[in-house]
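Here is a short report on the structure shown below. Please keep the model open while you read.

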Amino acid sequence: MTERRPPLPLVGAWLGLLALLALTVTLAYVPLGAGNAIVALSIGTIKAGLVAAIFMELRHRSGLTLVFAGAGLFWLGILLWLGLMDFMTRT
Amino acid sequence: MPERAAFAPQYASVPHRDNTAELGMWVFIATEVLLFGGLILAYFVYRHAFLQGFAEGSRHTDIVIGTTNTAVLLTSSFLVAWAVEVFSPDTARLSAWLLTGAACLGLFFIVLKGIEYSKEYDEHLVPGVDFQFAGPLANGVQLFFIFYFVATAIHALHMLIGICLLTTLAAICRKAPTARHHTALHSAALYWHFVDVVWIFLFALIYLPGRSSS
């Protein structure tokens with residue numbers, strides 16, 4: 001018998017992502033000042049992590065694939081870090 | 001399923017071929033990360049300069065459509081991941097249905113986006129076409145909507161490409177799936193999930209700011 005049902009981690013990730021979506025929309029209406037942006041981006045990062053680890057199967061990968069997948073993030077980090085440093089610190 | 005040549009001469013084995021395809025896909029995704037990264041950098045720079053204007057602009061977006069579209073896209077990603085997981089000659093029909101379902105959800109996303117665009121056009125919120133906004137925040141709101149339209153349009157273009165890929169793979173699954181199509185499906189799935197991740201961040205940057213204040 002070939003397995004047709006979705007594996008449990010996939011279902012868990014899907015439900016978790018929908019729950020995080022509900023959470024982030026709810027928290028957007030709670031006045032937290034500058035904290036709202038931090039909460040929204042943190043939850044977004046957790047959601048992206050779930051998609052990458054479970055839907056994109058990175059949790060089963062090692063070594064070289066993780067380096068290739070991380071390379072994009074590395075360059076994005078440099079882009080945002082050096083790009084924003086001037087604007088954010090200008091008085 | 002007889003296969004003429006399982007892998008091209010530059011590969012040592014089938015897993016070698018599949019790993020190479022996956023690494024190539026991640027390199028492509030890295031270039032896409034930087035494409036959207038440039039947009040997001042611009043967003044942060046202008047949001048830093050026009051904090052109130054960006055919050056005001058965000059309040060003029062449709063949070064109901066935005067949230068629905070996020071749920072739709074997350075669900076379509078789930079269907080694609082499921083199709084990859086169960087893909088085999090025996091379950092090709094199921095995979096085909098899952099991919100068709102994911103493509104339909106993608107189209108639904110595009111339709112909702114179109115409705116949203118037309119609402120914004122009616123509200124005179126399209127910079128360069130018809131933009132009218134009274135008050136001291138007009139400049140910031142206009143910059144916000146420039147980012148909004150450029151980012152969501154580029155994202156929607158990626159969605160359309162993804163929908164074509166998923167539809168093609170669904171047709172292949174119905175006809176004559178072979179083991180090498182699993183690699184193709186896996187690559188297309190990585191692309192689709194990446195488009196999903198981009199939307200997760202666009203959603204947080206476009207729809208959520210400024211909701212707790214007025």
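## Terms and basis

A polar contact is a pair of N or O atoms within 3.5 Å; within protein, one must be able to donate a hydrogen and the other to accept it, and residues adjacent in sequence count only if both atoms are side-chain atoms.

This is a predicted model: local features need pLDDT of at least 70, side-chain atom pairs count only at pLDDT 80 or more, and totals for chains, interfaces and linings use all residues. Residues are numbered from 1 along each chain as its sequence is written, chains are lettered from A and ligands numbered from 1 in the order written, and side-chain values use heavy atoms, without hydrogens and water.

## B:His158

B:His158 sits in helix 5 of chain B, residues 138-175. Helices here are DSSP runs of H or I with at least four residues; strands are E runs of at least two, and both are numbered from the N terminus. B:His158 counts as buried because its relative accessibility is 8%. Buried means under 20% relative accessible area, exposed over 50%, and partly exposed in between, with a 1.4 Å probe and protein chains only.

The side chains of B:His158 and B:Glu32 form a polar contact of 2.5 Å. Leaving out residues up to four places away in sequence, B:His158 touches B:Glu32, B:Leu35, B:Phe36, B:Tyr191 and B:Val195. Contact means heavy atoms within 4.5 Å.

## Chain B as a whole

Chain B has 6 helices and 2 strands. Their order along the sequence is α-α-α-α-β-β-α-α. The C-alpha atoms fill a box of roughly 70 × 30 × 30 Å along the principal axes.

Chain B has 214 residues, and 54% of them count as buried. Among its contacts with a separation of 6 or more, 81% link residues 24 or more positions apart.
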